[in-house]
Amino acid sequence: MIPKISIYPDYALMSSAAAERVIDLMNHKPESVICFPSGSSPKGMFDALVAANQKGRVDFSKCIFVGLDEWIGLGAGNDGSCRDLLDRDFLKPVGLRPDQIVFFDGKAFDPQAECDRINKIVESLGGLDLIILGVGMNGHLALNEPGTPWDTYAHISELDPVTVEVGQKYFKQPTSLTRGITVGIRHILEARSAILLASGAAKAPVIQRALAFPVSKDFPATVLQNHLNAEFILDADAAELIS
């Protein structure tokens, strides 16, 4: 099936639309379990959500937030880590309490135990109500790299060279990135709603391939074609190669 595709003239309007999807969910189900990415793609959405929260349009006090992924070896307090970016852009500005936040500890002694912990928590919560995703230049979703089996829950990921190269943009100096820890493809497929955010002309070939057949483990973003309630929210530049 083809995911719903929503195209907006620019990044600001795309971000505002994504924020409205979150606001609608929170107003309908305040205790929702939500999973968001870090990075540049969702930054505008986070800004809009923070502003809406400050104006009283949305209340996050009853939700549970599950972190999407983390670089192994990094975590809270490390500049450029996924937790560091999300703390700055969303978690702290909207005032989420520690008991509302479920996040991979990339510095854990036993990363597999971290996977097991997250899996058990997500299962106990009844799954994810909403997962929002960026997409990598190699088609990865979260840190589910090309070749990841569709039946994975949280797992340790050997990072693709493309991910390692692009990931350097989050750090002030060259940083060794070899493995990640991430929610799995099954978490994505089992989420009650999934949104993929993409902006800019560089992502246009990625989006074109994500929506092309066949669905393939070689390009993980294609798996969203198998999701029962997926939406691509794009700006015009990212959508320029789809018809």
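Helices and strands here are DSSP runs, of at least four and at least two residues respectively. The model is predicted.

**Exercise 1.** Find the annotated domain and describe its make-up.

Solution. 
- Start with the record. An unreviewed UniProt entry gives "domain: Glucosamine/galactosamine-6-phosphate isomerase" for residues 18-226.
- Next, take the secondary structure.
- Last, look at the ends.

**Exercise 2.** Work out the strand order of the open sheet of 3 strands, and name its edge strands.

Solution. 
- The order is E4-E8-E7, and the pairing is antiparallel.
- Strand E4 (69-71) and strand E7 (155-158) are the edges, since each pairs on one side only.
- Neighbouring strands in this sheet are turned by 25° against each other on average, direction ignored.
- Now take one pair. E7 joins strand E8 (residues 179-182) over 4 antiparallel bridges.
- Within that pair, Ile 156 faces Ile 181 of E8.

**Exercise 3.** Identify the residues of the largest nonpolar core that touch the most other members, then follow Ile 207.

Solution. 
- The core has 40 residues. Ile 131, Leu 141, Leu 196, Ile 207 and Leu 234 touch the most other members.
- Several elements supply at least two residues each, among them strand E6 (130-133), strand E9 (194-198), helix H7 (204-210) and strand E10 (230-235).
- Leave out residues up to four places away in sequence. Ile 207 then touches Val 135, Leu 196, Ala 198, Phe 232, Leu 234, Ala 238 and Ile 242.
- A second, separate core has 37 residues, including Val 22, Leu 49, Phe 65 and Phe 103.

Terms used. Residues are numbered from 1 along each chain as its sequence is written. This is a predicted model: local features need pLDDT of at least 70, side-chain atom pairs count only at pLDDT 80 or more; totals for chains, interfaces and linings use all residues. Side-chain values use heavy atoms; hydrogens and water are left out. Two strands pair if DSSP finds at least two bridges between them. Axes are lines fitted to C-alpha atoms, for helices over the stretch in contact, and angles run from 0 to 180 degrees between N-to-C directions. UniProt positions are given in the numbering used here, feature names are shortened, and annotations may be inferred rather than shown by experiment. A nonpolar core is a set of buried Ala, Val, Leu, Ile, Met, Phe, Trp, Tyr and Cys residues joined through side-chain atoms within 4.5 Å. Buried means under 20% relative accessible area, exposed over 50%, partly exposed in between (1.4 Å probe, protein chains only). Contact means heavy atoms within 4.5 Å.
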